[in-house]
Amino acid sequence: MTDKLNELAAAGVAVWLDDLSRVRLSSGGLDQLRREKHVAGVTTNPTIFAKALSDADEYNWQLRDLATRGVDVEEAVRMLTTYDVRWACDVMRPSYDGSAGVDGRVSIEVDPRSAHDADKTVAEAKALWWLVDRPNLFIKIPATEEGLSAITDTLAEGISVNVTLIFGLDRYSAVMEAFLTGLEQAKANGHDLSKIGSVASFFVSRVDSEVDKRLEKVGSDQAKALKGKAAIANAQLAYERYTEVFASDRWKALEAAGAHPQRPLWASTSTKNPDYRDVIYVEELIAPGTVNTMPESVIHAYADHGETRGDTVTGAYDAARKVFADLESVGVDMADVIATLEREGVEKFEASWQELLDGVSKSLAAAGTGKGSPNKAAKSNAKAAEKAGGA
């Protein structure tokens, strides 16, 4: 039987998991995906953590300890989430060591409420880096206008960064500029560039969701024929910009100093429209030096019926530009699409963060009154805590 995920990895695409939970860690499920499904990294976000903490009793013992200590809800959230991420970093450490620090990375996001405050973002990035204390950590920073300087300043501290919520080409170019400047400053500050990693998370399926909605509103046959094409074209043109930047003399000077390139990471790769092939945002975005972070369902779908046809990006630039021209001709304003997606992206993560805070607040209250007593898994989780470095 063909190992389709191995074929994908051999084509230059690193397979990462877009999910994390205490259950996945304690059950050994993450390590199994690493060993059997070529999963070489993990991404998280506030939505993922809100779901994880609402679904499982395996956090109860830690919630009880936090309630006993009388910590506030924001500190509790940080203790709970950094605990999981630290544990995941340890699980993924073989991938990190085996790839000389390129893969095996696990991401944790700064408070999305600080997305438009560069100073708070950098301060929290440093705090998270210290809390997790693992070399294969990524700090996720949203690619807002204010986030650009935060990306540079965080990298300059020698901290690895996953830049998230990138939707448009111009913002992506600005992200790469922030990356290069950050590495130059890190070098000037005496940091070992070979230890600093970065990815740029370029969102995919959400672009089609927004554009398709607008195409339906236009309603013409020409407009409807463009459905499902914008997201892939957008990502393909992003990769074109990536190849240009990382062929420059400026980058080559950093590379000579030991730096790793900031790889494009395709995010939001599960299809939202059931009419589309469930692995379309994997099959159509195969290119060397990229990452595709997928929900587990997409990983299994690709393992079952994904088709690796070689590089599906590099030769598609002209066709992608034609898609953009055709979208403009039917009245789709891509600049407005990108602005809308960025605004909504930050808002959705802020809402998930508030949901996370509310859920943990209730859990702390219940634990403090004895109503949230640990389940039968408490003892095994306590042992696992020792392995993960504790709360």
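What volume does the largest pocket have?

Tutor: The model is a predicted one, and in it the largest pocket has a volume of about 510 Å³. A total of 31 residues line this pocket, and those closest to its centre are Asp18, Phe203, Arg206, Ser268 and Lys272. Several elements each supply at least two residues of its lining, namely the helices α4, α10, α15 (296–305) and α17 (334–368) and the strands β5 (161–166), β6 (198–203) and β7 (263–267). Of these, α17 gives the most to the lining of the largest pocket, with five residues. Sorted by class, the lining of the largest pocket comprises 13 polar, 11 charged and seven nonpolar residues.

The second largest pocket holds about 320 Å³ of space. It is lined by 15 residues, of which Gly168, Leu169, Met334, Ala335 and Ile338 are the closest to its centre. Two or more residues of this lining come from each of α9 (169–188), α12, α16 (317–329) and α17. Here too α17 gives the most, with five residues in the lining of the second largest pocket. The classes in this second lining are seven nonpolar, six charged and two polar residues.

Two of the helices that line the second largest pocket, α12 and α16, also pack against each other, at an angle of about 130° and with their axes 9 Å apart. That angle makes α12 oblique to α16, because it falls in neither the roughly perpendicular range of 65 to 115 degrees nor the roughly antiparallel range over 145. The crossing in which α12 passes α16 is left-handed. On the α12 side, the contact is made by Ala230, Ala233, Asn234, Gln236, Leu237, Tyr239, Glu240 and Thr243, while α16 brings Tyr317, Ala320, Arg321, Val323, Phe324 and Leu327. By class, this contact of α12 with α16 has nine nonpolar residues, three polar ones and two charged ones.

Helix α12 (residues 230–245) has a further packing partner in helix α10 (residues 205–218), and this pair meets at an angle of about 130° with axes 7 Å apart. With that angle, α10 is oblique to α12. The crossing of α10 past α12 is right-handed, whereas the one in which α12 passes α16 is left-handed. In α10 the residues that take part are Val207, Asp208 and Val211, and they meet Ala230, Ala231 and Asn234 in α12. The contact of α10 with α12 has four nonpolar residues, one polar and one charged.

The structure holds one cavity of 30 Å³ or more, and the largest cavity has a volume of about 40 Å³. Its lining consists of Thr44, Asn45, Pro46, Phe49, Arg78, Ile108, Glu109 and Trp353. The lining of the largest cavity divides into four nonpolar residues, two polar and two charged.

Arg78, one of the residues that line the largest cavity, also belongs to a helix contact, that of α6 with α7. Helix α6 (residues 73–98) packs against helix α7 (residues 118–132) at an angle of about 55°, with their axes 9 Å apart. This angle makes α6 oblique to α7, and the crossing of the two is right-handed. From α6, Arg78, Met79, Thr82, Val85, Arg86 and Cys89 meet Glu124, Leu128, Leu131 and Val132 of α7. The residues of the contact of α6 with α7 divide into six nonpolar, three charged and one polar.

Note on methods: Residues numbered from 1 in each chain as written. Predicted model: local features only at pLDDT ≥ 70, side-chain atom pairs only at ≥ 80, totals over all residues. Heavy atoms only, no water. 1 Å grid on protein atoms, 1.4 Å probe; cavity = no way out; pocket = protein on both sides within 12 Å on 5 of 7 lines; lining within 4 Å. Points joined across faces, edges and corners; volume = space filled by probe spheres on them. Nonpolar A, V, L, I, M, F, W, Y, C, P; charged D, E, K, R; others polar. Axes fitted to C-alpha atoms, helices over the stretch in contact; angles between N-to-C directions. Helix = DSSP H or I, 4+ residues; strand = E, 2+ residues; numbered from the N terminus. Parallel < 35°, antiparallel > 145°, perpendicular 65-115°, else oblique. Left-handed = near helix turned anticlockwise from the far one by under 90°. Contact = heavy atoms within 4.5 Å.
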